[in-house]
Amino acid sequence: MAVTGDETDEETELAPSHMAAATGDMPTYQIRAPTTALPQGVVMAASPGSLHSPQQLAEEATRKRELRLMKNREAAKECRRRKKEYVKCLESRVAVLEVQNKKLIEELETLKDICSPKTD
């Protein structure tokens, strides 16, 4: 739909500038504001959640907080369980390595006794 400078329409439209036609340059476009507006009593809602009362919003916030706290408690509990398991694994590894180290020290002492020249 072509619109000249004098015509108006209910929707926002682009109209070529009169100067572009006169100079032969590429046409430039101007944005026109719509001539009709929403009636004064009509309010557009930003989102479906914005229609709740303050009490409903407070209850929703409380519910979300409780859910977040519950999830956090579960995550902390799982973290502590994994940490305990990790520490137990390290403790058992230390015990195994201590036994191995003791055996190696004993073997070293035995080899030293065998290899060292006896002085009697």
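This briefing describes the fold, surface, salt bridges and cysteines of one protein model. The model is predicted; local features need pLDDT of at least 70, side-chain atom pairs count only at pLDDT 80 or more, and totals for chains, interfaces and linings use all residues. Residues are numbered from 1 along each chain as its sequence is written, and side-chain values use heavy atoms, with hydrogens and water left out. The protein has two helices and two strands, where helices (H or I, at least four residues) and strands (E, at least two) are DSSP runs numbered from the N terminus. Of its 120 residues, 4% count as buried.

**Overall architecture**

- Along the sequence, the elements follow the pattern β-α-β-α.
- Helix α2 covers residues 54-115.
- Among contacts (heavy atoms within 4.5 Å) between residues at least 6 apart in sequence, 24% join residues at least 24 apart.

**Surface**

- The protein exposes about 11500 Å², and carbon and sulfur atoms supply 59% of that area; accessible areas come from the Shrake-Rupley method with a 1.4 Å probe, and for residues only the protein chains shown count as cover.
- Residues are classed by relative accessible area as buried (under 20%), exposed (over 50%) or partly exposed (in between), with a 1.4 Å probe and protein chains only.
- Tyr86, Val87 and Leu90 make a nonpolar surface patch of about 270 Å².
- Patches consist of residues with over 30% relative accessible area and no salt bridge; like charges are joined within 9 Å, and nonpolar side chains (Val, Leu, Ile, Met, Phe, Trp, Tyr) within 5 Å.
- Tyrosine 86, a residue of helix α2, is exposed because its relative accessible area is 53%.

**Salt bridges**

- Side chains of opposite charge can pair when their charged atoms come close.
- The structure holds four salt bridges, each defined as a side-chain nitrogen of Lys or Arg within 4 Å of a carboxyl oxygen of Asp or Glu.
- Glutamate 60 pairs with arginine 63, with the closest N and O atoms 2.8 Å apart; the two residues are three apart in helix α2 and so are separated by about one helical turn.
- Both partners are partly exposed, glutamate 60 at a relative accessible area of 33% and arginine 63 at 46%.
- A network of salt bridges links Glu78, Arg81, Arg82 and Glu85.
- Arginine 82 is partly exposed at 46% relative accessibility, as is glutamate 78 at 30%.
- Arginine 81 and glutamate 85 form a salt bridge at 3.0 Å, N to O; being four residues apart in helix α2, they are also separated by about one helical turn.
- Arginine 81 is partly exposed, with a relative accessible area of 42%, whereas glutamate 85 is exposed at 51%.

**Cysteines**

- The count of disulfides (pairs of cysteine sulfur atoms within 2.5 Å) is zero.
- Cysteine 79 counts as partly exposed at 42% relative accessibility, while cysteine 115 counts as exposed at 65%.

**Record annotation**

- An unreviewed UniProt entry lists residues 87-114 as "coiled-coil region"; UniProt positions are given in the numbering used here, feature names are shortened, and annotations may be inferred rather than shown by experiment.
- In the model, residues 87-114 are 100% helix and 0% strand, and the end C-alpha atoms of the span lie 40 Å apart.
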